[in-house]
There are 4 protein chains.
Amino acid sequence: MGRSRVGVWLIGARGAVATTVAVGALARARGLVDDAGLVTALPLFQTLGLPAVEDLVLGGCDIRSAPVLATAERLAGQLSGVRRDLLPALAAELAAHDRRLSPGITHNVGPAIARLVAGPGPGPADIRAALAAVTADLRRFREEGRLDRLVVINLASTEPLLADDPSHHDPELFRVRLAAGDGQAMRASTLYAWAALEEGCAFINFTPSNGALLPALVEHARQRRLPVMGNDGKTGETLVKSALAPLFASRNLPVLSWEGTNLLGNLDGAVLDDPEHRAAKVRSKDQVLPRILGYAPHTGVHIHFVPSLDDQKTAWDLIHFQGFLGARMSLQFTWQGYDSILAAPLVLDLARLAAYALARGEGGLLPHLACFFKDPLGVAEQRLVPQFALLEEYVRRQPPAADEPQHVQQGIAKAEGTGRCRLG
Amino acid sequence: MGRSRVGVWLIGARGAVATTVAVGALARARGLVDDAGLVTALPLFQTLGLPAVEDLVLGGCDIRSAPVLATAERLAGQLSGVRRDLLPALAAELAAHDRRLSPGITHNVGPAIARLVAGPGPGPADIRAALAAVTADLRRFREEGRLDRLVVINLASTEPLLADDPSHHDPELFRVRLAAGDGQAMRASTLYAWAALEEGCAFINFTPSNGALLPALVEHARQRRLPVMGNDGKTGETLVKSALAPLFASRNLPVLSWEGTNLLGNLDGAVLDDPEHRAAKVRSKDQVLPRILGYAPHTGVHIHFVPSLDDQKTAWDLIHFQGFLGARMSLQFTWQGYDSILAAPLVLDLARLAAYALARGEGGLLPHLACFFKDPLGVAEQRLVPQFALLEEYVRRQPPAADEPQHVQQGIAKAEGTGRCRLG
Amino acid sequence: MGRSRVGVWLIGARGAVATTVAVGALARARGLVDDAGLVTALPLFQTLGLPAVEDLVLGGCDIRSAPVLATAERLAGQLSGVRRDLLPALAAELAAHDRRLSPGITHNVGPAIARLVAGPGPGPADIRAALAAVTADLRRFREEGRLDRLVVINLASTEPLLADDPSHHDPELFRVRLAAGDGQAMRASTLYAWAALEEGCAFINFTPSNGALLPALVEHARQRRLPVMGNDGKTGETLVKSALAPLFASRNLPVLSWEGTNLLGNLDGAVLDDPEHRAAKVRSKDQVLPRILGYAPHTGVHIHFVPSLDDQKTAWDLIHFQGFLGARMSLQFTWQGYDSILAAPLVLDLARLAAYALARGEGGLLPHLACFFKDPLGVAEQRLVPQFALLEEYVRRQPPAADEPQHVQQGIAKAEGTGRCRLG
Amino acid sequence: MGRSRVGVWLIGARGAVATTVAVGALARARGLVDDAGLVTALPLFQTLGLPAVEDLVLGGCDIRSAPVLATAERLAGQLSGVRRDLLPALAAELAAHDRRLSPGITHNVGPAIARLVAGPGPGPADIRAALAAVTADLRRFREEGRLDRLVVINLASTEPLLADDPSHHDPELFRVRLAAGDGQAMRASTLYAWAALEEGCAFINFTPSNGALLPALVEHARQRRLPVMGNDGKTGETLVKSALAPLFASRNLPVLSWEGTNLLGNLDGAVLDDPEHRAAKVRSKDQVLPRILGYAPHTGVHIHFVPSLDDQKTAWDLIHFQGFLGARMSLQFTWQGYDSILAAPLVLDLARLAAYALARGEGGLLPHLACFFKDPLGVAEQRLVPQFALLEEYVRRQPPAADEPQHVQQGIAKAEGTGRCRLG
């Protein structure tokens, strides 16, 4: 499996997270950084024979035209976590990566994202044209990179919540709408996901955009034995929540109020400053507690744009809880982390694990990846440690890497049945 | 089992935790408070048929003479969590409880505890006499209360660390030393624990004092099928640590430094202000991280006495960690909890669960109670959620309460073999 | 002056702050509490001969009918600062105080306040009738209490911002509107303030409601030599701001962002949860920094209603600032204070100092009271220490108390010219 | 005055603060950074005609041999505030600066500093020889740099407290001891200060080392019209304290406890980890509150060495205070600042202001510089704003810069009378 070539197609490839992914993969390939932050670098995963980070071939698209190198340099500023001294050695490769990137599509992305694009936007207005463009980009990426397997990962800005629609639950109806060019109940993320599946790729939704992994698309993926998973990478405040909330549950300490304030200064913050887009994010963040506690305490999830913080997301949470004899007590925490630095290694982890699942023909949702997401599709468990135990059990269930080729073959055979993606 | 009478003998019965235990048990008996904070009130435990909190018969001893009611009134001050309006209804019962308490023993308790006692101290100087006194107190408590089973719980102030000694590992040698009146390698907590076991009681060490559950005593308990467990109730900063540290482990985020400052204003704080006593506490708190993380980060565990805080323990921790590309980030938290309010329900939980184990003849350490302790004897697992899973699994392994009587009989038969404690 | 009887008429007399004022004044009269929190108890003020707190005669009105004693009992809960043990001794007097209170008026108070009143509300719909009612209440209070001087203090919930209007700047036009019953450009607070001035009282606006001390009313007060001051008592986060911000100014450390989150659970919080009402509060809080720093940094002032916090207001501020060589650093603070406990002594301070100014015939704004307000009318200085220096200088300028009667006479003569309020 | 050449001789010139001073001065000379953090860049100081930062000639000594450039590179790491991109442009000049530095002396510096020096240490063992060496270094610096005025600033690590001695209060006795080579009651800082004064230099003690500005030396400076000031630059937690404490004083809110924890990871932290050295620092920090509050609350000043924090000092303070009706409330803050970034501009400010005072012949202590110091010698005022007002008043008292030359001449004439330092 190590020998098969894996491509990672990043939607939002000029953004902070994708740029950090690129810097990190290149820096690892040159041995400039250690593997801190990479979950799949833990000893647990050694036997799986995952594709190496340095072997991943990166590509992607973006609706903006900001050069990746410029983003990288901004991220090497003082309130971002990318080491400035890494960049000179990587500049040429980053520039080459940049040149290979495709334009993105802007169908129904919501006002705050649309504002990011100068002019009419790079994508075609007709959804069929948009879909064709994405498909062509994916094929070119696969062919030019001689890639065996492809993982598509959505890192684009958060779209507004997409209201429910019958077509979201019926793959056939969805296909009819698509054929008719009726994209009212779709967003750009929907089209990306559909194109990815049609091309036989794995698809990971690292964003809260609920338009991407609609039930109809998940069912489609299951049928084609293509792995998909989401939503919304768990990198900061919610990560802490999912570790802390079980404390209150297991001590029978009723949470009276859990009030969280998130300050962020990057593009993510600017987009989330728009109430329509923020709603999607808040929904994703706000369902963690009820699932862990078994009841819905008073909560507040506030997100404010503070430009001077750049990429250093700062979250302050106040947890007010009740104890014995009715006494009220509190726990407060301040989390100060570089947003992209926290997200990027998880993107690489997901790329490796999705590529592995793709090779094995695992179709539909990947519940063992729940620990990576704020809103893990199909998984009710929100506590971090049991979520991680799901991943540990998955790994332990796998055959040793030596046995793997056969299974990979089998996986490939199955995936090949879907027709599109040339594999191993 | 509900009908059998369970006594709970509290060492340090005039202290803040024991007083809160008494207030809480009495208030629950009168329906004045709900069951927040009581782990054993969670639905999980309903099938076990645990003795009801309101049926527990409380007793105990203390080296101080401060009236329990005075302690309760102090705890109903503004920086303590006991509701002042509870006290009038409970005053008569608290006074009666107070009158039943015995004096404690002061053998080798360390300077800061010795200072608490005016004059020569209430206990006999000779350890044989001390042991006899404790034994007599336990017997009288059992007889006067017509108790079927007895759980002894150490809530006394933290003794200095007891240095290792051959007699700690050899029950026979220990017994020889005891017979010779040679208590050099023992502390008051050792004598209490020995007396409890000789009297057929369960013994719980809720303190960091390592003199109580010496290996020789644990072995003694195992042989006699008497349950014992410790050390050091996990109520505050360490509880949070055991919930948060797995986050860093499962995300492969190396902890660079975990620096904790604990401010407390009660008697516990005054005693721990003495470096000799503090060492025991710090050792108990400082071993959590290495066990969870698999390596020993730079840590600091600081404890300072701040009288104005009374019972409101305030802990501030700064966790400095490394992420992808070598970036350094931080999480800080402030925990503000009422020390006794957090501890007291756990004491009641442990009393109920130890009484249950005693009835079933479970001898030696009780690993399923690991989640209650900072330093759970015999259990390497320090992560809160998996510790709680041990308890869940234990409960699920138990026969329904209806089956219980037989098992209880069996347990009693075994325990009766030890001769002393009238059970059943 | 000590012998003259001073009345304090509290608008919002059934609320948390006014109730704490009443509890505090009564408790001081009985020697149950010390003078912590009372600025005018500092040695500085000893020579002034201010009316004693225990001699103040309290009265007032409220649109709600909640008994003061019930409010006091709620405030003696665990997350409020009123000591429960004070209440039994004061219950009879609090009940008597309650019986003397008048109903309030609800003209144009905004949606969140209007919701507090069941039914059509206690006040007359016509502003002339409303004014007449308030006037009658003030007169009855003065006569029944045989009061020499009267200070009216607005403690009612925050009204929405009142848009500017020509009548606000022209006492004659204002009077014309009033006579015509045209109250469109007025709120309840406007009518209270006008009635107070017409009755020769001092008027203090402890709230952010900008309808109270309109320029026309300030000018009216100046002409009649009646002291007035506001707006918005400085009790918590803004108090800290006004102490901390000069640090950044005097060290030439540009503030990049000052982001503040205020969580509060009392009625004040419930009203401020309404965006229309919150706007007034935020405006009052948000102008402090530009005045101190000389430039307007990025700021956020967020207010959230968290019921479980009761009266324990919790504010978290993150100050992000720039230092030498462009380095960015931060200061964050968490303020946890009982809202009413912080406000009540300032109300008593203002009552004493306004009564003093009234006796001396000081008309118009009282700049020496700037340190008590978030938005001190007529004073640009926002730094706490220089504001307090204004007060110190005022005190030092005053003649010794022995000389005072004459000045009082003079003041009275002037005020008597206005006809209404019997003084001296 | 702008034309006269001013030299700044830094004791501890290879340390983090001195290196940041050098980087900052050079970067400013090249226009690479703005003037944030420089107090003397505020408009207030424009009329004084202070020597420009970029015209200051830097020199100094150190007992260590670490290259300045290496220190600068360490300071450009991620937890330090020096921008990495500044260094390439400054490397040659920093290296030249490094070559000009002299070795330091180690007389009686205390164990933690002595450990910093490999071997027997660079300085002579005999204090007369040490003094001669320092004197020769100062002269060479002055001559080689053709300097008109010289300011010596102590930035060396904190020495242990120097116990009181009669010679500290009697310049003649001090001189006798010196002549006899009896340095028992002196430390290295004493010798540096004496040498500086003998050479007609201004002397600033930016450290808590109390051996530097002994009363005898201050008197000596006064007689010779040489300006001196100290102790201990106010850069972080104490700076915040001096801004916040007046809040509690002016609101009559008794402080019950002020507990502070300082975590730092640089060399300063390593030295202060030694209890003997820490005592000096704690004493300097711990006297601020009593002077502001007028009473001594319970306080704790804890300093811990946390290597991973590098230069990012993190302080957490909990202020527990009492309000009206005895209610207890709290304020906590976390200060996260780069130690050297905060200190360096103040060193440049002090150099400029001390050079100015030297030119004007101001002898002895400089009370108008109180705001720069934790323990401002000869000034009881500890509140930041009034301290800054002292500086403002000083500036306003000065003649306009145009008038200055004459005064400078006069100052020079006086200083020349002391013989050593060629000025003018």
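I superposed chain B on chain A: a rotation of 180° with 0.0 Å of shift along its axis does it, at RMSD 0.0 Å. That is the relation of a two-fold axis. B:Phe333 comes closest to the rotation axis among the residues of chain B, at 2.0 Å (C-alpha).

This is a predicted model: local features need pLDDT of at least 70, side-chain atom pairs count only at pLDDT 80 or more, and totals for chains, interfaces and linings use all residues. Residues are numbered from 1 along each chain as its sequence is written, and side-chain values use heavy atoms, without hydrogens and water.

Next I looked up salt bridges (a side-chain nitrogen of Lys or Arg within 4 Å of a carboxyl oxygen of Asp or Glu).

I checked B:Arg142 with B:Glu199: their closest N and O atoms are 3.1 Å apart. B:Arg142 sits in helix α5 of chain B, B:Glu199 in the loop between α7 and β5, 57 residues apart. Both are buried (under 20% relative accessible area, 1.4 Å probe, protein chains only).

I then took B:Lys313 and B:Asp339, a salt bridge at 3.3 Å, N to O. B:Lys313 lies in strand β9 and B:Asp339 in helix α13 of chain B, so the pair ties together parts 26 residues apart in sequence. B:Lys313 is buried at 8% relative accessible area; B:Asp339 is buried at 9%.

Last, I noted D:Asp165 and D:Arg177, which meet in a salt bridge at 3.0 Å, N to O. D:Asp165 counts as buried, at 17% relative accessibility.

Methods: Chains are lettered from A and ligands numbered from 1 in the order in which they are written. Copies are superposed by least squares on the C-alpha atoms of residues with pLDDT of at least 70 in both. Helices (H or I, at least four residues) and strands (E, at least two) are DSSP runs, numbered from the N terminus. Buried means under 20% relative accessible area, exposed over 50%, partly exposed in between (1.4 Å probe, protein chains only).
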